[in-house]
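Reader: I am new to this structure. Please take one part and walk me through it closely.

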There are 2 protein chains.
Amino acid sequence: MAERTSAEQLAVGLREAITRLNRRVRQERPVGDLTFSQLSALTSLQLAGALTPRELADVERVQPPTMTKIVGKLEERGLVARTPHPTDRRQVILAATEQGRVVYAQFEKARNEWLAKQLAELTPDERDTLERAAQILQQVARA
Amino acid sequence: MAERTSAEQLAVGLREAITRLNRRVRQERPVGDLTFSQLSALTSLQLAGALTPRELADVERVQPPTMTKIVGKLEERGLVARTPHPTDRRQVILAATEQGRVVYAQFEKARNEWLAKQLAELTPDERDTLERAAQILQQVARA
DNA sequence: CAAGCTCATTAGCTAGGCTAATTAACGTGA
DNA sequence: TCACGTTAATTAGCCTAGCTAATGAGCTTG
(Lines give C-alpha, C1' and ligand atoms only; values in the text may rest on other atoms or scores of the structure.)
Protein backbone atom coordinates (compact mmCIF):
# COMPACT_ATOMS: atom_id res chain seq x y z
CA MET A 1 0.00 0.00 0.00
CA ALA A 2 2.72 2.42 0.95
CA GLU A 3 4.51 1.59 -2.28
CA ARG A 4 1.45 2.17 -4.39
CA THR A 5 0.67 5.50 -2.84
CA SER A 6 4.26 6.54 -3.25
CA ALA A 7 4.27 5.57 -6.91
CA GLU A 8 1.13 7.61 -7.50
CA GLN A 9 2.44 10.67 -5.77
CA LEU A 10 5.68 10.35 -7.63
CA ALA A 11 3.78 10.03 -10.90
CA VAL A 12 1.98 13.32 -10.29
CA GLY A 13 5.13 15.21 -9.37
CA LEU A 14 7.19 13.69 -12.11
CA ARG A 15 4.62 14.30 -14.81
CA GLU A 16 4.20 17.88 -13.73
CA ALA A 17 7.95 18.42 -13.82
CA ILE A 18 8.26 16.78 -17.21
CA THR A 19 5.32 18.59 -18.75
CA ARG A 20 6.61 21.96 -17.64
CA LEU A 21 10.15 21.28 -18.65
CA ASN A 22 9.00 20.00 -22.01
CA ARG A 23 7.00 23.15 -22.69
CA ARG A 24 9.89 25.25 -21.56
CA VAL A 25 12.37 23.49 -23.82
CA ARG A 26 9.95 23.42 -26.69
CA GLN A 27 9.44 27.12 -26.66
CA GLU A 28 13.15 27.63 -27.28
CA ARG A 29 12.37 27.45 -30.95
CA PRO A 30 15.23 28.05 -33.30
CA VAL A 31 14.66 30.41 -36.18
CA GLY A 32 13.63 28.30 -39.11
CA ASP A 33 10.53 26.82 -40.58
CA LEU A 34 10.48 23.24 -39.34
CA THR A 35 7.44 22.49 -37.23
CA PHE A 36 7.62 20.35 -34.15
CA SER A 37 6.03 17.35 -35.85
CA GLN A 38 8.43 17.60 -38.74
CA LEU A 39 11.41 17.84 -36.45
CA SER A 40 10.17 14.94 -34.39
CA ALA A 41 9.74 12.73 -37.46
CA LEU A 42 13.16 13.74 -38.72
CA THR A 43 14.60 12.85 -35.34
CA SER A 44 13.02 9.42 -35.32
CA LEU A 45 14.25 8.73 -38.83
CA GLN A 46 17.67 9.87 -37.85
CA LEU A 47 17.82 7.62 -34.82
CA ALA A 48 16.49 4.60 -36.65
CA GLY A 49 18.52 5.09 -39.81
CA ALA A 50 15.73 4.20 -42.20
CA LEU A 51 12.07 3.29 -41.80
CA THR A 52 8.97 2.67 -43.87
CA PRO A 53 6.13 5.18 -43.53
CA ARG A 54 4.16 2.68 -41.51
CA GLU A 55 7.03 2.12 -39.10
CA LEU A 56 7.65 5.84 -38.75
CA ALA A 57 3.95 6.43 -38.11
CA ASP A 58 4.06 3.80 -35.38
CA VAL A 59 7.12 5.32 -33.78
CA GLU A 60 5.59 8.78 -33.88
CA ARG A 61 2.24 7.45 -32.73
CA VAL A 62 0.26 8.94 -35.58
CA GLN A 63 -1.84 7.36 -38.33
CA PRO A 64 -0.21 6.58 -41.68
CA PRO A 65 -2.01 9.33 -43.62
CA THR A 66 -0.74 11.88 -41.16
CA MET A 67 2.79 10.65 -41.67
CA THR A 68 2.35 10.83 -45.43
CA LYS A 69 1.74 14.57 -45.07
CA ILE A 70 4.63 15.20 -42.72
CA VAL A 71 7.06 13.21 -44.84
CA GLY A 72 5.77 15.10 -47.87
CA LYS A 73 6.79 18.41 -46.29
CA LEU A 74 10.19 17.07 -45.32
CA GLU A 75 10.72 15.73 -48.81
CA GLU A 76 9.75 19.08 -50.37
CA ARG A 77 12.50 20.66 -48.28
CA GLY A 78 14.97 18.01 -49.39
CA LEU A 79 15.50 16.73 -45.87
CA VAL A 80 14.13 13.24 -46.39
CA ALA A 81 14.24 10.94 -49.41
CA ARG A 82 11.93 8.13 -50.45
CA THR A 83 13.55 5.12 -52.07
CA PRO A 84 11.89 1.92 -53.25
CA HIS A 85 11.83 -1.08 -50.96
CA PRO A 86 14.21 -3.75 -52.28
CA THR A 87 11.73 -6.63 -52.25
CA ASP A 88 8.26 -5.25 -51.62
CA ARG A 89 7.09 -2.73 -54.19
CA ARG A 90 4.21 -1.60 -52.02
CA GLN A 91 6.59 -0.25 -49.45
CA VAL A 92 8.93 2.73 -49.41
CA ILE A 93 12.13 3.36 -47.52
CA LEU A 94 12.46 6.72 -45.84
CA ALA A 95 15.80 8.16 -44.78
CA ALA A 96 17.22 11.56 -43.91
CA THR A 97 19.31 13.15 -46.65
CA GLU A 98 22.69 14.67 -45.93
CA GLN A 99 20.98 18.04 -45.78
CA GLY A 100 18.42 16.58 -43.43
CA ARG A 101 21.14 15.45 -41.08
CA VAL A 102 22.73 18.89 -41.08
CA VAL A 103 19.44 20.68 -40.44
CA TYR A 104 18.54 18.22 -37.73
CA ALA A 105 21.83 18.80 -35.94
CA GLN A 106 21.32 22.56 -36.03
CA PHE A 107 17.84 22.37 -34.54
CA GLU A 108 18.92 19.88 -31.96
CA LYS A 109 21.77 22.08 -30.86
CA ALA A 110 19.51 25.09 -30.49
CA ARG A 111 17.01 23.13 -28.48
CA ASN A 112 19.61 21.72 -26.13
CA GLU A 113 21.34 25.01 -25.54
CA TRP A 114 18.90 26.44 -23.08
CA LEU A 115 18.69 23.22 -21.10
CA ALA A 116 22.45 22.74 -21.04
CA LYS A 117 22.84 26.27 -19.72
CA GLN A 118 20.42 25.57 -16.88
CA LEU A 119 22.07 22.26 -16.05
CA ALA A 120 25.49 23.84 -15.94
CA GLU A 121 24.34 25.89 -12.97
CA LEU A 122 23.38 22.88 -10.88
CA THR A 123 25.70 21.20 -8.43
CA PRO A 124 27.62 18.11 -9.63
CA ASP A 125 25.54 16.13 -7.19
CA GLU A 126 22.30 17.31 -8.73
CA ARG A 127 23.56 16.56 -12.21
CA ASP A 128 24.48 13.09 -11.07
CA THR A 129 20.95 12.53 -9.81
CA LEU A 130 19.53 13.72 -13.14
CA GLU A 131 21.95 11.50 -15.00
CA ARG A 132 20.66 8.40 -13.24
CA ALA A 133 17.08 9.62 -13.49
CA ALA A 134 17.45 10.04 -17.25
CA GLN A 135 18.49 6.42 -17.60
CA ILE A 136 15.58 5.20 -15.51
CA LEU A 137 13.15 7.36 -17.47
CA GLN A 138 14.45 6.05 -20.77
CA GLN A 139 13.74 2.59 -19.50
CA VAL A 140 10.24 3.52 -18.39
CA ALA A 141 9.47 5.22 -21.70
CA ARG A 142 10.39 2.07 -23.56
CA ALA A 143 7.89 -0.01 -21.59
CA MET B 1 32.54 8.15 -13.94
CA ALA B 2 29.06 9.35 -14.67
CA GLU B 3 29.78 12.41 -12.57
CA ARG B 4 32.12 13.60 -15.26
CA THR B 5 29.29 13.89 -17.72
CA SER B 6 29.13 17.40 -19.12
CA ALA B 7 26.05 19.54 -18.90
CA GLU B 8 25.71 19.27 -22.69
CA GLN B 9 25.69 15.50 -22.71
CA LEU B 10 23.29 15.41 -19.82
CA ALA B 11 21.02 17.86 -21.62
CA VAL B 12 20.85 15.57 -24.65
CA GLY B 13 20.11 12.45 -22.65
CA LEU B 14 17.66 14.15 -20.37
CA ARG B 15 15.74 15.83 -23.15
CA GLU B 16 15.50 12.59 -25.05
CA ALA B 17 14.19 10.80 -21.98
CA ILE B 18 11.69 13.53 -21.27
CA THR B 19 10.47 13.83 -24.83
CA ARG B 20 9.86 10.12 -25.10
CA LEU B 21 8.23 9.83 -21.74
CA ASN B 22 6.03 12.79 -22.51
CA ARG B 23 4.85 11.24 -25.74
CA ARG B 24 4.30 7.97 -24.03
CA VAL B 25 2.22 9.51 -21.25
CA ARG B 26 0.38 11.70 -23.69
CA GLN B 27 -0.76 8.81 -25.76
CA GLU B 28 -2.51 7.32 -22.75
CA ARG B 29 -5.54 9.34 -23.79
CA PRO B 30 -8.62 8.82 -21.74
CA VAL B 31 -11.85 8.18 -23.56
CA GLY B 32 -13.46 11.54 -24.04
CA ASP B 33 -13.26 14.42 -26.43
CA LEU B 34 -10.95 16.92 -24.80
CA THR B 35 -7.89 17.65 -26.91
CA PHE B 36 -4.48 18.16 -25.44
CA SER B 37 -4.58 21.92 -25.91
CA GLN B 38 -7.97 22.14 -24.27
CA LEU B 39 -6.83 20.04 -21.34
CA SER B 40 -3.68 22.08 -20.99
CA ALA B 41 -5.59 25.35 -20.93
CA LEU B 42 -8.07 23.92 -18.44
CA THR B 43 -5.15 22.82 -16.28
CA SER B 44 -3.56 26.26 -16.30
CA LEU B 45 -6.86 27.88 -15.44
CA GLN B 46 -7.36 25.40 -12.67
CA LEU B 47 -3.95 26.04 -11.17
CA ALA B 48 -4.24 29.82 -11.41
CA GLY B 49 -7.84 30.02 -10.25
CA ALA B 50 -8.89 32.67 -12.75
CA LEU B 51 -7.15 34.45 -15.61
CA THR B 52 -7.91 36.83 -18.44
CA PRO B 53 -7.59 35.47 -22.00
CA ARG B 54 -4.38 37.38 -22.46
CA GLU B 55 -2.87 35.94 -19.30
CA LEU B 56 -3.94 32.43 -20.20
CA ALA B 57 -2.47 32.85 -23.67
CA ASP B 58 0.81 33.93 -22.11
CA VAL B 59 0.87 30.99 -19.74
CA GLU B 60 0.10 28.57 -22.55
CA ARG B 61 2.55 30.29 -24.85
CA VAL B 62 0.08 30.86 -27.65
CA GLN B 63 -1.26 34.00 -29.31
CA PRO B 64 -4.50 35.52 -28.03
CA PRO B 65 -6.60 34.56 -31.09
CA THR B 66 -5.59 30.94 -30.60
CA MET B 67 -6.69 31.09 -26.99
CA THR B 68 -10.02 32.60 -28.03
CA LYS B 69 -10.70 29.46 -30.05
CA ILE B 70 -9.64 27.04 -27.34
CA VAL B 71 -11.62 28.83 -24.66
CA GLY B 72 -14.58 28.88 -27.03
CA LYS B 73 -14.53 25.09 -27.22
CA LEU B 74 -14.23 24.74 -23.47
CA GLU B 75 -17.08 27.17 -22.95
CA GLU B 76 -19.27 25.25 -25.43
CA ARG B 77 -18.73 22.17 -23.28
CA GLY B 78 -19.58 24.08 -20.12
CA LEU B 79 -16.14 23.57 -18.62
CA VAL B 80 -15.08 27.20 -18.49
CA ALA B 81 -17.10 30.36 -17.89
CA ARG B 82 -16.46 33.94 -18.98
CA THR B 83 -17.43 36.66 -16.52
CA PRO B 84 -16.95 40.42 -16.88
CA HIS B 85 -13.93 42.07 -15.36
CA PRO B 86 -14.99 44.08 -12.30
CA THR B 87 -13.34 47.34 -13.33
CA ASP B 88 -12.15 47.06 -16.94
CA ARG B 89 -14.91 46.34 -19.39
CA ARG B 90 -12.48 45.41 -22.14
CA GLN B 91 -11.31 42.44 -20.17
CA VAL B 92 -12.91 39.12 -19.33
CA ILE B 93 -12.35 36.75 -16.43
CA LEU B 94 -12.01 33.07 -17.26
CA ALA B 95 -12.49 30.34 -14.69
CA ALA B 96 -13.22 26.61 -14.67
CA THR B 97 -16.80 25.72 -13.83
CA GLU B 98 -17.62 23.03 -11.29
CA GLN B 99 -18.09 20.63 -14.20
CA GLY B 100 -14.73 21.75 -15.56
CA ARG B 101 -13.05 20.86 -12.32
CA VAL B 102 -14.65 17.42 -12.29
CA VAL B 103 -13.70 16.68 -15.89
CA TYR B 104 -10.18 17.92 -15.30
CA ALA B 105 -9.73 15.61 -12.32
CA GLN B 106 -10.90 12.61 -14.35
CA PHE B 107 -8.49 13.29 -17.19
CA GLU B 108 -5.65 13.93 -14.83
CA LYS B 109 -6.24 10.65 -13.06
CA ALA B 110 -6.30 8.70 -16.29
CA ARG B 111 -3.08 10.29 -17.47
CA ASN B 112 -1.26 9.51 -14.26
CA GLU B 113 -2.42 5.94 -14.07
CA TRP B 114 -0.10 4.50 -16.66
CA LEU B 115 2.92 6.28 -15.26
CA ALA B 116 2.10 5.28 -11.68
CA LYS B 117 1.84 1.68 -12.80
CA GLN B 118 5.28 1.81 -14.40
CA LEU B 119 6.81 3.51 -11.40
CA ALA B 120 5.39 0.93 -9.03
CA GLU B 121 7.53 -1.66 -10.73
CA LEU B 122 10.79 0.15 -10.08
CA THR B 123 12.94 -0.46 -7.04
CA PRO B 124 12.50 1.88 -4.06
CA ASP B 125 15.98 3.14 -4.79
CA GLU B 126 15.09 4.08 -8.35
CA ARG B 127 11.93 5.81 -7.21
CA ASP B 128 13.98 7.77 -4.73
CA THR B 129 16.28 8.94 -7.49
CA LEU B 130 13.29 10.02 -9.57
CA GLU B 131 11.79 11.78 -6.59
CA ARG B 132 14.86 13.96 -6.19
CA ALA B 133 15.15 14.41 -9.95
CA ALA B 134 11.56 15.63 -10.13
CA GLN B 135 12.29 18.34 -7.59
CA ILE B 136 15.38 19.47 -9.44
CA LEU B 137 13.52 19.51 -12.73
CA GLN B 138 10.68 21.57 -11.28
CA GLN B 139 13.28 24.08 -10.23
CA VAL B 140 14.89 24.12 -13.66
CA ALA B 141 11.54 24.50 -15.41
CA ARG B 142 10.77 27.57 -13.34
CA ALA B 143 13.95 29.29 -14.43
C1' DC C 1 -4.78 -17.98 -59.79
C1' DA C 2 -8.59 -15.63 -57.28
C1' DA C 3 -9.60 -13.83 -52.92
C1' DG C 4 -8.16 -11.46 -49.34
C1' DC C 5 -4.73 -8.85 -46.97
C1' DT C 6 -1.27 -5.01 -46.41
C1' DC C 7 0.97 -0.65 -47.71
C1' DA C 8 0.85 3.96 -49.11
C1' DT C 9 -1.69 7.50 -50.65
C1' DT C 10 -5.80 10.63 -51.57
C1' DA C 11 -10.04 12.94 -50.09
C1' DG C 12 -12.37 15.39 -46.85
C1' DC C 13 -13.14 16.72 -42.27
C1' DT C 14 -11.94 19.19 -37.47
C1' DA C 15 -8.71 21.46 -34.22
C1' DG C 16 -5.01 24.41 -33.39
C1' DG C 17 -1.60 27.59 -34.63
C1' DC C 18 -0.34 32.11 -36.85
C1' DT C 19 -0.84 37.34 -38.56
C1' DA C 20 -3.68 41.20 -39.81
C1' DA C 21 -7.72 43.69 -39.06
C1' DT C 22 -11.65 45.09 -36.27
C1' DT C 23 -14.25 46.76 -32.32
C1' DA C 24 -14.60 48.38 -27.82
C1' DA C 25 -12.90 50.57 -23.85
C1' DC C 26 -9.30 52.77 -21.20
C1' DG C 27 -6.22 56.69 -20.13
C1' DT C 28 -3.94 60.91 -20.84
C1' DG C 29 -2.22 65.43 -22.22
C1' DA C 30 -3.19 69.75 -24.45
C1' DT D 1 -13.05 67.69 -22.12
C1' DC D 2 -12.11 65.37 -25.76
C1' DA D 3 -9.08 63.57 -29.33
C1' DC D 4 -5.56 60.51 -29.74
C1' DG D 5 -2.79 56.63 -28.74
C1' DT D 6 -2.90 52.10 -26.30
C1' DT D 7 -4.65 47.83 -24.84
C1' DA D 8 -8.06 43.78 -24.76
C1' DA D 9 -10.66 40.56 -27.12
C1' DT D 10 -12.43 38.94 -31.06
C1' DT D 11 -13.06 38.03 -36.19
C1' DA D 12 -11.21 36.78 -40.73
C1' DG D 13 -8.36 34.14 -43.35
C1' DC D 14 -4.64 31.22 -43.94
C1' DC D 15 -1.67 26.96 -43.04
C1' DT D 16 -0.29 22.56 -40.47
C1' DA D 17 -1.54 18.42 -38.07
C1' DG D 18 -4.47 15.11 -36.74
C1' DC D 19 -8.31 11.80 -37.82
C1' DT D 20 -11.36 8.18 -40.69
C1' DA D 21 -12.86 6.33 -45.03
C1' DA D 22 -11.82 5.12 -49.55
C1' DT D 23 -8.58 3.90 -53.36
C1' DG D 24 -5.17 1.46 -55.90
C1' DA D 25 -1.21 -1.23 -56.20
C1' DG D 26 1.14 -5.24 -54.85
C1' DC D 27 1.76 -9.38 -51.86
C1' DT D 28 0.32 -14.04 -50.33
C1' DT D 29 -2.01 -18.05 -49.82
C1' DG D 30 -5.56 -21.87 -50.16
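Author: Helix 2 (residues 36–48) of chain A packs against helix 5 (residues 98–120) of chain A at an angle of about 115°, and their axes are 10 Å apart. Bear in mind that this is a predicted model. Helix 2 of chain A passes helix 5 of chain A in a left-handed crossing. Which residues meet there? Helix 2 of chain A brings Leu39(A), Leu42(A), Thr43(A) and Gln46(A). Helix 5 of chain A brings Gly100(A), Arg101(A), Tyr104(A) and Phe107(A). The residues of this contact divide into four nonpolar, three polar and one charged.

Now turn to chain B. Helix 2 (residues 36–48) of chain B has 13 residues, which at 1.5 Å a residue should span 18 Å. The end C-alpha atoms of helix 2 of chain B are 18 Å apart, so the two values agree.

Which residues of helix 2 of chain B are buried? They are Gln38(B), Leu39(B), Ala41(B), Leu42(B) and Leu45(B). They cover an arc of only 165° around the axis, so they sit on the same side of helix 2 of chain B. An α-helix has 3.6 residues a turn, so residues three or four places apart point the same way.

The buried residues of helix 2 of chain B pack against several elements of chain B: helix 3 (53–60), helix 4 (64–76), strand 1 (80–84), strand 2 (92–96) and helix 5 (98–120). The face turned away from the buried side carries Phe36(B) and Leu47(B), both exposed. After helix 2 of chain B comes Gly49(B), with a positive phi near 95°.

Key. Residues are numbered from 1 along each chain as its sequence is written. Chains are lettered from A and ligands numbered from 1 in the order in which they are written. This is a predicted model: local features need pLDDT of at least 70, side-chain atom pairs count only at pLDDT 80 or more; totals for chains, interfaces and linings use all residues. Axes are lines fitted to C-alpha atoms, for helices over the stretch in contact, and angles run from 0 to 180 degrees between N-to-C directions. Helices (H or I, at least four residues) and strands (E, at least two) are DSSP runs, numbered from the N terminus. A crossing is left-handed if the near helix is turned anticlockwise from the far one by less than a right angle, and right-handed if clockwise. Two residues are in contact if their C-beta atoms, placed from the backbone, lie within 7 Å. Ala, Val, Leu, Ile, Met, Phe, Trp, Tyr, Cys and Pro count as nonpolar, Asp, Glu, Lys and Arg as charged, and the others, Gly among them, as polar. The expected span of a helix is 1.5 Å times one less than its number of residues. A residue is buried if 20 or more other C-beta atoms lie within 10 Å of its own, exposed if 12 or fewer, and partly exposed in between; C-beta atoms are placed from the backbone. The arc is that of the directions from the helix axis to the C-beta atoms.
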